[in-house]
Amino acid sequence: MKSLHLATQDDLSKLLPLIAGFHAEMGYDTTAEHQEGAIAPLLDGSPHGAIWLIGLRRAPVGYIAITFGWSVEYGGLDAIVDELYIRSAVRGRGMGHDAIDGIAKALKDAGVRALHLEVDRDDERAKEFYARARFKPRDRYIFMSRVL
């Protein structure tokens, strides 16, 4: 897909403002140092995940961060959409949907069995967006976390 570009350390200066924008919009209390430290391994080729720029590589409008795990239930490698962000000025033009579809196809071709994500229960717009991208809620389950 022409509008998705695997991010590397060379893209750090373009990626950090996007991450800062997403974290501010979501109300995450993270610093620039935290954000850079969190993505550095992914930009260096960590097997635990990757980040793709959305839009033109020289002037991206967003990013999608994917992390990897293993699922006995799904029978193999699975992935999580950890963060998906499109600048507010260009939302609603299909770029997020194209990014999700492009990533899903690439992951499936690479042997990933399932793609998961977390969405705010009260964010109807986001839930509708992900439903259009063929994500389904797992009504019997809630996503729970333990910060270590």
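Reader: Which residues in helix 1 meet helix 2?
Author: This is a predicted model. From helix 1, L12, L15, L16, I19, A20 and H23 make the contact. From helix 2, Q35, E36, I39 and L43 meet them.

Reader: How do those residues divide into nonpolar, polar and charged?
Author: Seven are nonpolar, two are polar and one is charged.

Reader: At what angle do helix 1 and helix 2 pack?
Author: About 130 degrees, with the axes 11 Å apart. Helix 1 covers residues 12-26 and helix 2 covers residues 32-43. Angles over 145 degrees would count as roughly antiparallel, and 65 to 115 as roughly perpendicular. Helix 1 is therefore oblique to helix 2.

Reader: Is the crossing left-handed or right-handed?
Author: Helix 1 passes helix 2 in a right-handed crossing.

Reader: Back to Q35. Buried or exposed?
Author: Q35 sits in helix 2. Its relative accessible area is 7%. The cut-off for buried is under 20%, so Q35 is buried.

Reader: What is Q35 in contact with, leaving aside neighbours within four places in sequence?
Author: L16, I19, A20, H23 and T30. Of these, L16, I19, A20 and H23 belong to the helix 1 side of the packing.

Reader: How many bridges join strand 1 to strand 2?
Author: Three, and the two strands run antiparallel. Strand 2 spans residues 49-56. L4 stands opposite I54 of strand 2.

Reader: Last topic, A126. Where is A126 found?
Author: In helix 4, residues 124-132.

Reader: Why does A126 count as buried?
Author: Because its relative accessibility is 16%, and the cut-off is under 20%.

Reader: What separates the C-alpha atoms of A126 and L18?
Author: A distance of 18 Å. Along the chain, A126 and L18 are 108 residues apart.

Key: Residues numbered from 1 in each chain as written. Predicted model: local features only at pLDDT ≥ 70, side-chain atom pairs only at ≥ 80, totals over all residues. Heavy atoms only, no water. Axes fitted to C-alpha atoms, helices over the stretch in contact; angles between N-to-C directions. Helix = DSSP H or I, 4+ residues; strand = E, 2+ residues; numbered from the N terminus. Parallel < 35°, antiparallel > 145°, perpendicular 65-115°, else oblique. Left-handed = near helix turned anticlockwise from the far one by under 90°. Contact = heavy atoms within 4.5 Å. Nonpolar A, V, L, I, M, F, W, Y, C, P; charged D, E, K, R; others polar. Buried < 20%, exposed > 50% of the residue type's maximum accessible area, 1.4 Å probe, protein only. Pairing = 2+ DSSP bridges.
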